[in-house]
There are 2 protein chains.
Amino acid sequence: MKFLNEVAEEFPSATSLAAGRPTDRFFNRFHPGMLLDKYAHESHMVGGCDLDDVRARVLQYGGTAGMINELVAWQLRTDEGISVPPNRVLITAGCQEALALCLPALCSDPADVVLVLNPTYIGATGAARASGVSVFGISSSFSCLVEAIEQSVCKLREEGKCARALYLIPSFDNPTGQVMDEAQRRAILASCVRHRIVVLEDNPYGLFRYDGPAVQPLAALDEAGCVIYLSTFSKTIAPAVRVGAATLPETLFGDRAASTALWNDLVERKSYLTVNTSQITQALVAGLLMDQNGTLKQWIKPALEWYRSNRNAMLSQLQATFPAISNQLRWNHPSGGFFLAVDLPFRFDAQAVVECANQYRVIVLPMSFFALDDSQDCRIRLSFSAVDPEQIRRGINSLADYVAYRIGRHSSVIEQVHAV
Amino acid sequence: MKFLNEVAEEFPSATSLAAGRPTDRFFNRFHPGMLLDKYAHESHMVGGCDLDDVRARVLQYGGTAGMINELVAWQLRTDEGISVPPNRVLITAGCQEALALCLPALCSDPADVVLVLNPTYIGATGAARASGVSVFGISSSFSCLVEAIEQSVCKLREEGKCARALYLIPSFDNPTGQVMDEAQRRAILASCVRHRIVVLEDNPYGLFRYDGPAVQPLAALDEAGCVIYLSTFSKTIAPAVRVGAATLPETLFGDRAASTALWNDLVERKSYLTVNTSQITQALVAGLLMDQNGTLKQWIKPALEWYRSNRNAMLSQLQATFPAISNQLRWNHPSGGFFLAVDLPFRFDAQAVVECANQYRVIVLPMSFFALDDSQDCRIRLSFSAVDPEQIRRGINSLADYVAYRIGRHSSVIEQVHAV
């Protein structure tokens, strides 16, 4: 990630289709002072607390597990269909901290392994590595995931290892953009229950669905108690709140004491990582959830519409720019989220990022950055969340120029590109 | 800590001399909305940035190492006499995250050990344990620390281990309240340089000095590059900002590349723990630092005066309450900070906390909670930061009743207590 930030800084005039951040176009609706007042007044009205006491309490140290657990449980129930008591919702400093807590807690033995898709979000593999947890990459596609899990479990067992957890972004995956249908979700759950594998379901993009059928999170379908749901307000509200949550099932594979023991372990680990999540930013999230009656669906609507039209613009531009070489180039049509994946007929590595940014003024991300092996060397990730349609048009045109240069069909493609 | 929180909740009418939090008596001067405006306007005026751009940028993801590094470097220079370039100041989610980053980075080999005082702050030993770092307890007193370091280094070497770091709160230690004089500091530095031990200097209470000579932090005295300075705004501003910093020396034992390598390692680890520290709370800290011209000394003055008079009240009350048994009871006279230590003529354990809270309505903390062995079993920590003089009077009187009950000199002491 450091490399990418530096490239973006080094070529500030290049169009970046690399950043996976939310648009800040609608951040001007977010008023910290008003939201803190909202939280204080509601706590005063509902809880009967003295207004000055609430304000002072917010600025203090707070409970390790969080201050706004009930409100987050309310939002999870309303927006995601996940029903859990507040004492199973652990508030974290963003989803990243939830990963840094859950991975070593679930994989505490050196033989324990977390299964991940290949490619997958580097924050997950990075958190695993940083805490000494072994990572095992399985299928890159949701369609053959159950088979891949079964095979991996056997293979690991032969090596004296044990698959303890499966990290997954089932809705509008980062980096691939793919979505898992309900039948696949139920099959994954059955497989994980059979092998006692805890699913770490990461769902930062779930509410940003542009078309296609709505699918419930795994945590909402989970009846056996095998899913820990990782959520974040970075995409729905703002990254700078650094508020997320790890939501545990009431029982872990039917065992209530096991879930409570895991909860206690996570809370203790949290106290040694960050003491507690900032109560100021928790109060900002709380103020907004109170203001929005426990749902963020209305709040995110302008951003969702923006992302949808950006996704459409990117797909149209890809279609318009690459017809002549489309037999050599493939991309998916994500029905939500921030990303799509493009298969190229050549390797695209760190050097290519620099070359492309330098000479063609577009920055894109090699899929190999997210990969555990060389299977992703000829793919890139394109992001359409933090750009506007004109940047998308320009970026895809520049990418087309670069692709033409790389595949040596310079002249004919350039002509077409400039006709678009 | 969980036990203690639960005791405090279970006996809400008991006076707590246990909480090590800052007073919230002066939090009403802290206005988040105004401070965010201050930060945005100053960035606009000084940096020439568009006001809306600044506001939007604050709400986004930010640099892993932080956004307000220059301002924090300015405050460290002004208030602590520590001169470092901003690119050695890593902004963290409170000092606890700095510990969680530094300990495994410095002690990456299974043979590596962090030296700590015994007793010491449990957040340090907890962070070490949580990241698999071995802890070795040395002296409980600053006066014989150099000898203890030398002996420990030899002892560890014989066991095939290596002392890599020394965790220390040299000014107004938590939990003992003691302070290290300049000669001791210079001797510690010399010893650590000799053995290539990195000092993790934790200094949350340094600005809260009530009397006695001013002593510079180890980091300000360090010419060899052996001190990482851990700072926090939890006590000077408010715990809920969750902003701290790990400040690296420009060279590590004279080696600039080694310091840069450690910096890069810490930044990468940080990206996998919390991505980046909330830019909202960073902006709050920045707004206050701008408003206060880079020093917090004026800002903390009301709290400092409050703590000083609380310390005085606690010492007076101890003196007034315990004269008859003072040959069996000893306490120190801290010249700053939040805590003092009392030696009791009997063991004081978790059961005693409950008994004392339940029957005598005062909550105090066993020193054994901070200890690595049984050497602290007959000591307690008293905190005077988050109480008022009347609570101190009541709390110490109740403690005297409990002490009298425990040492079986019930009647005579009770008489005296009630005469105070």
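I started at Asp202(A). Leaving out residues up to four places away in sequence, I found that Asp202(A) touches Cys95(A), Tyr121(A), Tyr167(A), Leu168(A), Ile169(A), Pro170(A) and Leu230(A) (contact: heavy atoms within 4.5 Å).

I noted the ground rules. This is a predicted model, where local features need pLDDT of at least 70, side-chain atom pairs count only at pLDDT 80 or more, and totals for chains, interfaces and linings use all residues. Residues are numbered from 1 along each chain as its sequence is written, chains are lettered from A in the order in which they are written, and side-chain values use heavy atoms, without hydrogens and water.

I placed Asp202(A) in strand 6 of chain A, residues 198–202 (strand: a DSSP run of E, at least two residues, numbered from the N terminus). The side chain of Asp202(A) makes a polar contact with that of Tyr167(A), at 2.5 Å (a pair of N or O atoms within 3.5 Å, one able to donate a hydrogen and the other to accept it; residues adjacent in sequence count only if both atoms are side-chain atoms).

Next I turned to the two chains. Chain B gives 46 residues to the contact, and chain A gives 46 residues. The area buried between them is about 3,600 Å², with 64% from carbon and sulfur atoms (accessible area, 1.4 Å probe, lost on being put together, summed over both). In chain B, Leu59(B), Tyr61(B) and Tyr272(B) lose the most area to chain A, together 22% of what that side buries.

I also looked up polar contacts between the chains: 16 residue pairs, both at pLDDT 80 or more.

Conventions. Buried area is the accessible area (1.4 Å probe) that two parts lose on being put together, summed over both. Helices (H or I, at least four residues) and strands (E, at least two) are DSSP runs, numbered from the N terminus.
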